[in-house]
Amino acid sequence: MADDTPRKTLSLKKSPPASGSQAEREAPRQRTGARAKAVAQARFERRPEATDAPQDKRRPQSPDKGGPSRAGSRPVVKVDADRQVEARRPSRASSDVRPQSRQKPSTDSEQASGDRRRRPELKEHASRSASHAVSDRPARLSRAEAMPSYTERMRHRGPEIEGGMGRPHLLADTMPRERQIIDTRPGEQFPVFAPCPQGLEQPLAEELTRLGFADVKAGRAGCRFRTDWAGIQKANLHSRLATRILVQVARSLVAKEDDILELARATPWEQWFGPDHTLRVDTSAIRSPMQSLQYCNLRAKDGICDRLREREGSRPSIDTVRPDARVHLFLDERSATLYLDTSGESLFKRGWRLDKGEAPLRENLASGLLALSGWKPGQTLLDPFCGSGTILIEAAGIALGAPPGIWRPFAFERLRNHNDKLWHDIKDEARAGIATRLDTPLFGRDLDENAIQAARANAKRAWLAPDAIDFRAGDALAIEPPSKQGWIVTNPPYGERLDSTGAAFWRQWAEHLKRSFSGWQVAAITSDLDLPKHLRLKPRQRIPLHNGALDCRLFLFEMVAEGYRS
């Protein structure tokens, strides 16, 4: 009985309600905060007949529904409130308004009656808010119209500048929004960018020209050219110096992150991949005014996914390890460029180098050293510090005419509309050009017997004959020249690999070169910029290069007996 008495005492809610309390009890819960203020302000502005009434006063019950009249009025208020909130919040909803999913009714009766009234207003709001979020700049547009000559001048300057000049924050004031979307019809020519390690731009341009590509232009850390889709496949297959083959699919001037979203949504990605593919987006920038590259990357990814969801009903999944499609976003001071990666894994991954030494060179850098040194197929080549044999195996491939990508897959093989027959024809033509015999003398030496075993295993995976390269364990200070003239192209030990005997080793090696290798050309890459001083040799050329993150130099020496004293 003691427990029943308090319950009866607390059941005051059963008392007859006061006038108007039934409506208050059935009304939705009152909210506070910025959103509640926006809703209240919008309600006040859209109902002028209620301006004299207090804002917290409840509306009378609807005579035909027997409850609060929320079905006909709340959707209108919510649309305006969303417009006020989304205008100052960068999100996908600001450019891609989805009323059916965002504007959820709070009751079943509201869903039955309110959606029919709300849908036309929401469609109108979607177009109105999208234009408001992207280009609602009446003062700026009038300023551009007031200076037509300057605007016209900047219109012609904009697409030509790849790294930009001027002030990015004035972009919206002085420039029209220009956008370039690449046509994807069969037979069309595509603008292509082939990145490479810094320092190899000119050798890459010469290589692409030899492959038959026209209008090749060397730039910063890569080359640009135009070709058709078959040419893109050939570039992936044959280029030894490029890191990737990137097809430019869209470019536009950008002033804020949502401009990247707009550009990505306007690009016809459905021509290349769809929801059944996995996706990865990477972003890089040079002097970009954007505050967060991670957020720019997210905007680009959202734009791609929104485009495919709108066109095909669903979005692709994200895979950062082995994606089917990879998109690269590049930002500079004024513009954003979207590239489709047709290579997949980096092109320097030929597929044969599984065993690595202590300081391995990437395969495209090794080919770059051969190109910069002046070595040609048929000439004797020696690497006294061969390690896992990367330089010599690349030289063997060059001498045989074997395409570096003949044994590996590429990303374009997983894209839509891939012509498998055309691709097999391109590879068959490339195989027909491979020589059956290697006539170039190649020699590799290293003190480490394990490194020699790794080099032989790599050569076998590269489909080279066991006697194609003469790999032996040997001391660089005791090697005798295998011919009267030739080239030494090497990545000698430096730093911790030499310990404290570095200075003495360099003197001994230099004396051996002067005494035994007269008439030879020597090319050595190192991060030790004082190498010529240690060797007491004057280089005929020093070429800046990057071996990964290391700032290196390729020193070229000419060993002339008359120029040195023992």
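Me: How many bridges join strand S10 to strand S13, and do the two run parallel or antiparallel?

Reply: Start with the general idea. Strands of a sheet pair through backbone hydrogen bonds, either parallel or antiparallel. Now the case here, in a predicted model. Strand S10 (residues 381-383) and strand S13 (residues 487-490) are joined by 2 bridges, and they run parallel.

Me: Which strand pairs with S13 over 4 bridges?

Reply: That is strand S14 (residues 521-526), and the pairing is parallel. Look for Ile488, whose bridge partner in S14 is Val522.

Me: In what order do the strands of this open sheet lie?

Reply: Read across the sheet: S12-S11-S10-S13-S14-S16-S15. That makes 7 strands, with mixed pairing. At the edges stand S12 (470-473) and S15 (541-547). Each has a single partner strand, so one side of each has no neighbour in the sheet. From one strand to the next, the twist averages 20°.

Me: Which helices pack on the sheet?

Reply: Take helix H15 (residues 390-400) to begin. H15 touches S10, strand S11 (442-446), S12 and S13. Its direction makes about 170° with that of S11. Then take helix H17 (residues 449-461), which touches S11 and S12. The direction of H17 makes about 165° with that of S12.

Me: How many residues of H15 are buried?

Reply: The count is 9 of 11, so H15 is largely enclosed by the rest of the structure. Among the buried residues are Ile391, Leu392, Ile393 and Leu400. Glu394 is also one of them.

Me: What do the buried residues of H15 pack against?

Reply: They pack against helix H14 (363-373) and H17, and against strands S10, S11, S12 and S13. Look also just past the end of H15. There Gly401 takes a positive phi of about 75°.

Me: How many residues of strand S8 are buried?

Reply: In S8 (residues 325-331), 7 of 7 residues are buried. Ala325, Val327, Leu329 and Leu331 point one way. Arg326, His328 and Phe330 point the other way.

Me: Which strands are joined to S8 by bridges?

Reply: Strand S6 (residues 278-285) runs parallel to S8, with 7 bridges between them. Strand S9 (residues 335-341) runs antiparallel to S8, with 6 bridges. A hairpin through 3 residues joins S8 to S9.

Me: At what angle do helices H11 and H16 pack?

Reply: H11 (residues 229-238) and H16 (residues 420-432) pack at about 45°. Their axes are 11 Å apart. The two helices are therefore oblique to each other. Their crossing is right-handed.

Me: Which residues of H11 and H16 meet?

Reply: An α-helix has 3.6 residues a turn, so residues three or four places apart point the same way. From H11, the residues at the meeting include Ala230, Gln233, Lys234 and Leu237. From H16, they include Leu422, Trp423, Ile426 and Ala430.

Me: How far apart are the ring centres of Phe410 and Phe412, and what is the angle between the planes?

Reply: A pair of aromatic rings is described by the distance of the centres and the angle of the planes. For Phe410 and Phe412, the values are 5.4 Å centre to centre and 5° between the planes. The pair is stacked. Phe410 is buried, at 1% relative accessibility. Phe412 is buried too, with a relative accessible area of 1%.

Me: How many aromatic pairs does the whole structure hold?

Reply: A search finds 16. Ring pairs also link Phe385, Phe505, Trp506 and Trp509 into a cluster.

Me: How many helices and strands does the protein chain have?

Reply: It has 19 helices and 16 strands. Of its 566 residues, 47% count as buried.

How values were computed: Residues numbered from 1 in each chain as written. Predicted model: local features only at pLDDT ≥ 70, side-chain atom pairs only at ≥ 80, totals over all residues. Heavy atoms only, no water. Pairing = 2+ DSSP bridges. Axes fitted to C-alpha atoms, helices over the stretch in contact; angles between N-to-C directions. Contact = heavy atoms within 4.5 Å. Phe/Tyr/Trp six-rings, centres within 6.5 Å; stacked < 30°, edge-to-face > 60°. Buried < 20%, exposed > 50% of the residue type's maximum accessible area, 1.4 Å probe, protein only. Parallel < 35°, antiparallel > 145°, perpendicular 65-115°, else oblique. Left-handed = near helix turned anticlockwise from the far one by under 90°.
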